[in-house]
Amino acid sequence: MKIPKRKLFLLIIFAYVAFSLYAAYNVFFSTKVISRVHRVVKKETGALSGGVRDGGAAPFLARDWNPWEDEQVDYNSALTKKRDAFKQHLGRIDKNKPKRYRVQIWGKAAIGIYLWEHILEGPLNPTDKIAQWREGELKSGKIDFSFYTGPAVVQGHVPLDMNSLVLVLNGREQQKVSYSTRWLEHVQALVQSHRVSHVAVVLLGNEHCNNDFIAPYLKRNGGFVDLLFLVYDSPSVNDKDVFQWPLGVATYRQFPMIRPNTQLITSNRPYLCNFLGTVYKNSSRETLMQVLKQSGLDKECITTCFYFLQMTIFSHQNNLD
């Protein structure tokens, strides 16, 4: 069926007017709604024009558009917050844990065995006294002790799993002083490299109180040694950073290890004093025995001495009832 030209013309005019009214309504009266896709397109278009204007960045391509960008930003932000909260939780757990201190003792003098076995009562393996390397571990309160001794314990070959170090040295004679100085310089390098935090030295000193070699290493003199425990009396002892230390037991002479018990502590002592030790020629111990005899105290004290004269050992025992 044919549509008259007049009607077709009127239909076109009507459609044109309707479209014009609809367009005018959208422009002047409709609220503008931008979808997620339009937002991304607008953002990418702005970045593209900015990149071209700045002349530095390559243009973004359509395949790089991400309609879920906002959701991913929110998700990543929430995930970061959860991770931070978990790290804070672990930090609180570590903070509430009782702190433990790791202390190593390097025994480069015989009095180290006295410190470890007789005072700290720590185990020592192997039990063979002539072993080249001996070590032991001990827990006491919040402190984890490790002990290393023997000829094979040399500089640079001892594990450094510690916070603090106790170095046991011999400064009795010049040859020993030279050896001890090398160990002090080694430990000083460890302190300077922040591998050791605190250092104490137990030193078998000189009987004539000549221990000046250790003075420059004390912290109060600009050194690194926090505490010094010194065998034999000395004017340096101040009970602040220098303390007097007992000579102890000559463990290498097979003296027995006696554990304290109630009877030893509470029972009456039949003697005023006692001395058990080795007396060397021209030593302070020889003077001590002379003083005991001259004052008559040798009759009130029990003494067991081993005299070393011309490589011959003589034993003298005074055991009065």
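Over residues 36-58 of this predicted model, the pLDDT stays under 50, and the model has 17 contacts beyond four places in sequence for this stretch. The pLDDT is also below 50 over residues 309-321, a stretch with 28 contacts in the model beyond near neighbours in sequence. Where pLDDT is low, the predicted coordinates should not be read in detail. For the protein chain, the mean pLDDT is 80, and 81% of its residues reach 70 or more.

**A nonpolar surface patch**

- On the surface, Phe9, Leu10, Ile13, Tyr16, Val17 and Leu21 form a nonpolar patch, whose members together have about 650 Å² of accessible area.
- One of these residues, Val17, belongs to helix α1, which covers residues 5-28.
- Val17 counts as partly exposed because its relative accessibility is 40%, a value that falls between the limits of 20% for buried and 50% for exposed.

- Ser146 is found in strand β3, made up of residues 143-149, and it is buried, because its relative accessible area of 13% is under 20%.
- Setting aside neighbours within four places in sequence, Ser146 is in contact with Val103, Gln104, Ile105, Gly136 and Glu137.
- Ser164 is part of strand β4, which spans residues 164-170, and with a relative accessible area of 17% Ser164 is likewise buried.
- When residues up to four places away in sequence are not counted, Ser164 touches Arg102, Val103, Gln104 and His198.
- Val103 and Gln104 are therefore among the contacts of Ser146 and also among those of Ser164.

Key:
Residues numbered from 1 in each chain as written. Predicted model: local features only at pLDDT ≥ 70, side-chain atom pairs only at ≥ 80, totals over all residues. Heavy atoms only, no water. Patch = residues over 30% accessible without salt bridge, like charges linked within 9 Å, V, L, I, M, F, W, Y side chains within 5 Å. Areas by Shrake-Rupley, 256 points an atom, 1.4 Å probe, with all protein chains shown as cover. Salt bridge = Lys/Arg side-chain N within 4 Å of Asp/Glu carboxyl O. Helix = DSSP H or I, 4+ residues; strand = E, 2+ residues; numbered from the N terminus. Buried < 20%, exposed > 50% of the residue type's maximum accessible area, 1.4 Å probe, protein only. pLDDT = per-residue confidence, 0-100. Contact = heavy atoms within 4.5 Å.
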